[in-house]
Amino acid sequence: MRRRLIVMFLVPLVAVLVSLGGVAAWSASRSVQQAFYTEQLGDLGYFVTSARQALRSGSPAVVDAEVRRFQEVYGIEVTVFDLAGAAWAAGAHGDAVLSEADAERVRLALSGRRAEQPAPAPPWAVPDAALVEPVFDDGDVIGAVLVAGDVDRPRAAILQQTLLLGAVVVVLSGLGVLLVAGLARWVLSPVRRLDEAMVAIERGEMDARVAEDTGPPELRRMTRVFNGMADEIERVMTRQQEFALNASHELRNPLNALLLRVEHLATGLGAEWDADVEETREEGRRMSRILETLLGLARGGRTDSTLSAVDLAAVASRRLEAWRDVAEHRGMTLHRTGEDSVMTITDRTIVEAALDAAIDNAVKYSPAGGTIEIGARRHADGCHLTVRDHGAGLSRDDAEAATDRFWRSADSGDQPGTGLGLAIATDLLTTVGGELRVSSADGGGLLVALVLPAEGAA
């Protein structure tokens, strides 16, 4: 963004400076040209007067001496022609051969035509053009004067002016670069700090804030709003952590009491209840693990996962049996699919909790008499633990939104729920490097896949 801002400001600035410099160089060059031609016309007028007197007297000595002296001092060649077109007074260059253009100008002057202004030329050039003026005496042409100015001097002056203005443009452009860079830094420093603060908050540093005393007033207001928002988020997170701490005491004690009552009840039951009692104990212990996992997530946004070798196929079978009675009560059938063994390295408790959320969603929204398929398979992108129902399914857009918090389908009707099940499952899988995918299944229904990393899969 800083580069784009610098370019956006710098390009017009340089364009303006170059344009102004070009206009100034053009004007200065034109001034040098005009001054040169004005001086040339003045010299021409002076020598026309001197030549008239010399031509009248018939003696070229006086004007010839002036011509020689003028050439020595100023380096400007002056030639006086008589009516026949011969060089009558020409200083040290009397024997020089005129160019065709100069000879034509002399012939026109001897015919009575005055000197014309030089043809327009680019401001950076001074053409080699001599000026010729006829010499009149009582209305009759008696000769002509040719003045050939030294064009090296005005050309050098134009070059000097151009280089000077170019240097000024370069210096001003450099100052403009520094000014624009400083302006961009001043304007974008709050944005950069905001970006750094947001990255820090994303990493969990909730106390990250931005100084409010830099940048333009509009961005200072944005900084104050951001700091206020961060304060509010920190307060909300603090309240959530306090709630998690309170909930840990409120939920753990009743759960332990429930498990204790199960142990007391088990002492009065016959041996035929041993399997059911053991399943109840296991469910209670699993609930305790899930509670600890969810509380860890609520406290710090993460949980300290216990990674171990887990057979996803065995997890699918165990959770299928745990949900079988609930499914049969609603008139549904749970069916085991997939491979017999899919080993990977992950956290068993997190995987079971996420799978329960997917099964609960399928049982809740499948029609009576339907079949729910649960299984595990290996794929190229990892190990998939899938739950597929044969209900109405979801559209593509609804399937993408199904893992959002508090989202519920418009067709859910009066089914109980908060829209948090799949969202929590997604968060849980993220802590172990997995993800939850929701898509429409081939042949109808919904397919929920718990995708775990392939690393460590056996």
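Reader: Taking a salt bridge to be a side-chain nitrogen of Lys or Arg within 4 Å of a carboxyl oxygen of Asp or Glu, how many salt bridges does the structure hold?

Author: This is a predicted model, and the structure holds 12 salt bridges. One of them joins the side chains of Glu 232 and Arg 235, with N to O at 2.5 Å.

Reader: Where do Glu 232 and Arg 235 lie?

Author: Both are in helix H5, 3 residues apart, which is about one turn of the helix. An α-helix has 3.6 residues a turn, so residues three or four places apart point the same way. Glu 232 counts as partly exposed because its relative accessibility is 34%, and Arg 235 counts as partly exposed at 43%.

Reader: And what does Asp 231 meet in a salt bridge?

Author: The side chain of Asp 231 meets that of Arg 209, at 2.6 Å from N to O. Arg 209 lies in the loop between H4 and helix H5 (217-266) whereas Asp 231 lies in helix H5 itself, so this pair ties together parts that are 22 residues apart in sequence. Arg 209 is partly exposed at 29% relative accessibility, and Asp 231 is partly exposed with a relative accessible area of 29%.

Reader: OK, over to Asp 381: which residue forms a salt bridge with it?

Author: That residue is Arg 437, and the closest N and O atoms are 2.8 Å apart. The pair links distant parts of the chain, 56 residues apart, with Asp 381 in the loop between strand S8 (371-379) and strand S9 (382-388) and Arg 437 in strand S10. Salt bridges that share partners also bring in Glu 435, so that Asp 381, Glu 435 and Arg 437 form one network.

Reader: What sheet do those strands form, and in which order?

Author: It is an open sheet of 5 strands with mixed pairing, running S6-S8-S9-S11-S10. At its edges are strand S6 (333-338) and strand S10 (435-440), each of which pairs on one side only. From one strand to the next the twist averages 20 degrees.

Reader: In which sense do S10 and S11 pair, parallel or antiparallel?

Author: They pair in the antiparallel sense over 6 bridges, with strand S11 covering residues 446-452. Ser 439, for example, has Leu 447 in S11 as its bridge partner.

Reader: Is Phe 47 buried or exposed?

Author: Buried means under 20% relative accessible area, and Phe 47 is buried with a value of 1%.

Reader: Which residues make the nonpolar surface patch?

Author: Leu 164, Val 168, Val 171, Leu 172, Leu 175 and Leu 178 make a patch of about 560 Å². Val 168 is found in helix H4 (residues 152-202), and at 39% relative accessibility it counts as partly exposed.

Reader: One last thing, what is the phi of Asp 138?

Author: It is near 55 degrees, a positive value in a residue other than glycine. Most residues other than glycine have a negative phi. Asp 138 sits in the loop between strand S3 (131-137) and strand S4 (140-148), and this residue is exposed, with a relative accessible area of 72%.

Key. Residues numbered from 1 in each chain as written. Predicted model: local features only at pLDDT ≥ 70, side-chain atom pairs only at ≥ 80, totals over all residues. Heavy atoms only, no water. Patch = residues over 30% accessible without salt bridge, like charges linked within 9 Å, V, L, I, M, F, W, Y side chains within 5 Å. Areas by Shrake-Rupley, 256 points an atom, 1.4 Å probe, with all protein chains shown as cover. Helix = DSSP H or I, 4+ residues; strand = E, 2+ residues; numbered from the N terminus. Buried < 20%, exposed > 50% of the residue type's maximum accessible area, 1.4 Å probe, protein only. Pairing = 2+ DSSP bridges. Axes fitted to C-alpha atoms, helices over the stretch in contact; angles between N-to-C directions.
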